[in-house]
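Have the structure open beside you as you read.

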Amino acid sequence: MNTPFSYLSHLECSHCGQTYDAHQVQTFCPICQTPLLADYDWTAAAAHLKRDQFQARRKGMWRWHELLPVRDEAHIVTLGEGDTPILTLARLGDELGLQRLYLKDESLNPTGTFKARGLSAAVSRARELGVQRLTIPTAGNAGGALAAYAARAGIPAQVFMPADTPLANIEESRITGAEVTLVEGLISDAARLSVEAARQNGALDVSTFKEPYRMEGKKTMGYEIAEAFDWRLPDVIVYPAGGGMGLAAIWKAFGELRRLGWLEGDHLPRMVAVQAAGCAPVVAAFEKRAETCEFWQNAHTQASGLRVPKSFGDRLILQTLYESNGLALAVSDEEMMRAQQQLARCEGIFAAPEGAANVAALHHLIESNWLAADEQVLLLNTGTGLKYLR
Ligand SMILES: *Cc1c(COP(=O)(O)O)cnc(C)c1O
Ligand SMILES: [Zn+2]
């Protein structure tokens, strides 16, 4: 029997469960203003796919195409994203007193951050559905990634970003031909302008969680982690959460793998969301065991990817933390900078401040005995420090 290129079946509201046609361009659930999630024909997928067949394919996130949303291979827009290395951090582990510490280095992606995965998926699917124009509000790296993939797809793109976004993000967006608008304010202010642009010129707004397919690209981090750990997931995963999509996407991937029966044992990792002390809406909500976040006033941090005062997917982030028995915690910019040096000195990895925040968080998790010395702990370095040079 011929298996389809993708088992995508429909979209489903993450809150009310209402289903939507995946053949049409969709944004978010109009009833509850929450994200739509892509769903697949799991029965057919489980019947025809084997977990070990993916390894032999050409490297990159699209080797998981049956579990991704693009139906015709010709529409894939790729720059070689995915299949980033998972490194053992023996020297840093020694310094911290952790015996099994790992880092997945997403800085090796095109445009230097994991944002490439999400935008490869979103732009590919947008091209497949005939979208003529794209727009995005961004704290920085998502704008650069959209600009790159839109250029490669030949689709015009608009990028709205705070005027004090790292220079690399402004330049990478401009040089790839996007129309860049610098905004006085934060990503939340940029979001209003992006929505307005979409309304005026018919562009699709690919803002975090406001279209369903960026998440699908990001979930491939979860597939790669499971495969690399021989389908037995690590004890703890530490992730720097801004919009929080990466965290929720990895959790979605684990749920899918469990449904396919591909995981060894029932063991799922405790998911940790790390935020900046100057912008920690998820931490504040988590500490109250709330279901949603409140808008964080006067957000400030050098980790621009974490400068997100309120995420459109806040419910999904918090659900991930509660369901996984995880945790949210904040670290200061000074702690991030010290951790950035520690990681670079011990392991030769020049991480983005967001990635370094994870190392700073480890100090707290060890001190409070939330982590045991022999647990398998995986850090995500979401981007390269080179993009933040001034
Ligand atoms: C966007 C970004 C983050 C935050 O990712 P979310 O999935 O939005 O939480 C973290 N690190 C870097 C380098 C980023 O660009
Ligand atoms: Zn809904």
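Around ligand 1 there are 16 residues, and the closest are K115, N141, G242, G244 and T382; a residue is near a molecule if one of its heavy atoms lies within 4 Å of it. This is a predicted model, in which local features need pLDDT of at least 70, side-chain atom pairs count only at pLDDT 80 or more, and totals for chains, interfaces and linings use all residues. Residues are numbered from 1 along each chain as its sequence is written, chains are lettered from A and ligands numbered from 1 in the order in which they are written, and side-chain values use heavy atoms, with hydrogens and water left out.

By class, the shell holds 6 nonpolar, 7 polar and 3 charged residues (Ala, Val, Leu, Ile, Met, Phe, Trp, Tyr, Cys and Pro count as nonpolar, Asp, Glu, Lys and Arg as charged, and the others, Gly among them, as polar).

Let's look at polar contacts, pairs of N or O atoms within 3.5 Å.

| Residue and atom | Distance to an oxygen atom of ligand 1 |
|---|---|
| G244, polar backbone atom | 2.5 Å |
| G246, polar backbone atom | 2.8 Å |
| K218, side-chain N or O atom | 3.4 Å |

Of the 380 Å² of accessible area that ligand 1 has on its own, the protein covers 97% (Shrake-Rupley method, 1.4 Å probe). Two or more residues of the shell come from each of β11 (236–240) and α8 (245–260); helices (H or I, at least four residues) and strands (E, at least two) are DSSP runs, numbered from the N terminus.

Now to the sheet. Its 4 strands form an open, antiparallel arrangement in the order β2-β1-β4-β3, where two strands pair if DSSP finds at least two bridges between them. The edge strands, β2 (19–20) and β3 (28–29), each pair on one side only. Strands β1 (residues 8–13) and β4 (residues 34–40) are joined by 5 bridges, and L11 has A38 in β4 as its bridge partner.

Definitions and conventions. A polar contact is a pair of N or O atoms within 3.5 Å; within protein, one must be able to donate a hydrogen and the other to accept it, and residues adjacent in sequence count only if both atoms are side-chain atoms.
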